Amino acid sequence: VSASLVWDIQLNTTGRFDVYLDDTYLASLKPDFYHENLSYSFHNLSPSQTYRAKVRWIVSDDEVKFAETTFKTQESFLQGAGMAFALDDYTYTSYEMLDVLPIEDGTLYTLSAKKDFSYNTWVVLLKADMNGNVLWKNEHPLSVEPFHSEYRETKLLADGSYLLLTTKLAIRTSADGQTLRTFDFQEPEEKKLFLNDAFLMDNGNLMVVGSSHRKWGKDDHLWEEAYIGIVSPDGTLLHETFQELHKHNRFDKIEPMDNGNFLACGVADEDFYTCIVDATGVVLEVEPYSGYQYKAVNCSLKDKGGNFYIIGTEILPNYWYDTRISIIQMDASGKLISRKCYDKRAGDGELSPVSAHFQDDLLVITAKSNGATDVLITDKEGNDEYHWGIRGSFHFVHAAFEEPNLMCWTNQGVAYLYNLNGYKEYPYFDLLEQ
């Protein structure tokens with residue numbers, strides 16, 4: 001386990017700082033500028049163990065000061081989040097955390113990785129057990145010349161296997177990440193398809209939604225069509241729907257309904273809209289929501305009662321570059337129940353959701369904005385329980401709520417422990433520690 005401590009000691013000296021752990025001397029630091037605090041990272045610690053850390057510094061020839069703190073390493077969050085693991089040093093040159101999926105017997109991590117200093121990128125699926133031990137690791141091409149794609153989502157299927165979705169591929173993997181079937185949507189080129197979401201039906205057919213740019217440059221009044229496709233288990237295309245309401249049309253998310261149909265959510269120009277689609281891909285009903293100005297539908301969830309929660313990036317009125325989090329609740333038939341927005345002041349920039357999941361009866365959302373990241377926790381009625389943001393060069397890809405703390409995973413592969421007021425509680429854990 002790795003841990004990092006910060007001592008707020010209000011220094012006005014550039015002297016030497018000695019760091020100790022349980023009275024064992026570890027290092028001397030000699031910063032060359034004035035500090036208001038001092039930080040140090042400890043490595044190779046044991047999980048669930050209490051440590052005492054101390055820093056000693058010389059203020060003057062006759063004055064020596066000490067700062068001491070006690071901390072306990074963690075391992076209870078996200079089934080083994082407190083354990084550090086290393087990827088192959090010589091296989092990859094860089095990583096970024098894309099997704100964190102807690103599962104019954106561990107955690108599945110999805111990362112993008114480069115093997116060299118080119119633009120070629122792979123998706124790495126890595127499963128760790130509840131103690132943080134790596135069980136398996138498999139890679140799949142994400143963007144490898146001449147093929148280009150962007151990551152969308154990794155889903156856990158009912159049989160314990162996974163569905164890895166990119167803008168061009170839907171990859172069905174086994175429970176240990178081995179490729180079982182690849183559904184390729186990059187051909188034919190004239191369709192210019194971009195996938196945003198997918199659902200694997202009980203009969204093995206795959207429904208995908210996204211957009212098509214097949215008329216780009218050919219029709220001045222239509223640049224992007226919303227797309228629905230259904231593919232059989234052997235890859236045969238069974239059905240396609242190209243839908244246009246405005247100039248720009250796109251499906252972002254698809255959710256199964258209790259009656260066997262599907263709820264597709266998307267954006268037509270800047271308006272949020274939904275469609276009811278049957279299992280063959282035929283659109284049964286279209287419901288536009290004029291005045292709900294959306295850039296994207298980022299997340300969709302279904303609760304145990306069959307209600308839907310649509311979390312999107314909504315544009316502030318009259319401010320195209322300023323956005324806020326919007327939560328739309330719909331009943332099991334796809335009818336609107338409520339809508340609530342979490343505002344930022346105009347001029348604060350874009351705030352867009354990254355991840356969302358239910359934890360007990362709470363909805364936990366992470367979001368990112370310009371140079372900052374947010375956590376929003378609400379109940380199902382949208383009552384704001386906690387909402388805070390911090391500045392940083394990273395954003396949260398997942399947050400797990402366990403009172404009185406949150407474990408927040410970043411795209412840099414580091415998990416930070418925060419209290420519910422947004423103050424960092426140490427230690428933190430570096431999953432990509434080499």
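These are my notebook entries on a predicted model.

**Ground rules.** I number residues from 1 along each chain as its sequence is written, and side-chain values use heavy atoms, with hydrogens and water left out. Local features need pLDDT of at least 70 and side-chain atom pairs pLDDT 80 or more, while totals for chains, interfaces and linings use all residues.

**Overall fold.** I looked up the secondary structure and found zero helices and 33 strands. Helices (H or I, at least four residues) and strands (E, at least two) are DSSP runs, numbered from the N terminus. Of the 434 residues, 53% are buried. Buried means under 20% relative accessible area, exposed over 50%, partly exposed in between (1.4 Å probe, protein chains only).

**Salt bridges.** I took a salt bridge as a side-chain nitrogen of Lys or Arg within 4 Å of a carboxyl oxygen of Asp or Glu. The count comes to 16.

I started with D23 and K54, whose closest N and O atoms are 3.7 Å apart. D23 sits in the loop between β2 (17–21) and β3 (24–29), and K54 in strand β5 (residues 50–60), 31 residues apart. D23 is partly exposed because its relative accessibility is 48%. K54 is buried, at 17%.

Next I checked D105 and K127, which meet at 2.9 Å, N to O. D105 is in the loop between β7 (94–103) and β8 (106–114); K127 is in strand β9 (residues 121–128), 22 residues apart. D105 is partly exposed at 41%, whereas K127 is buried at 8%.

Then I turned to K155 and D197, a salt bridge of 2.8 Å, N to O. K155 lies in strand β11 and D197 in strand β15, so the pair ties together parts 42 residues apart in sequence. D197 is buried, with a relative accessible area of 1%. I also noted a network: salt bridges that share partners join D23, R52 and K54.

**More on K155.** Which residues does K155 contact, leaving aside neighbours within four places in sequence? I listed S161, Y162, L163, D197 and A198. Contact means heavy atoms within 4.5 Å.

**H395.** Is H395 buried or exposed? H395 is buried because its relative accessible area is 14%. I placed H395 in the loop between β29 (384–391) and β30 (396–402). Beyond four places in sequence, H395 touches E96, V354, K368, T373, W409, T410 and N411.

**E189.** I found E189 in the loop between β14 (179–184) and β15 (193–200). E189 counts as partly exposed, at 48% relative accessibility.
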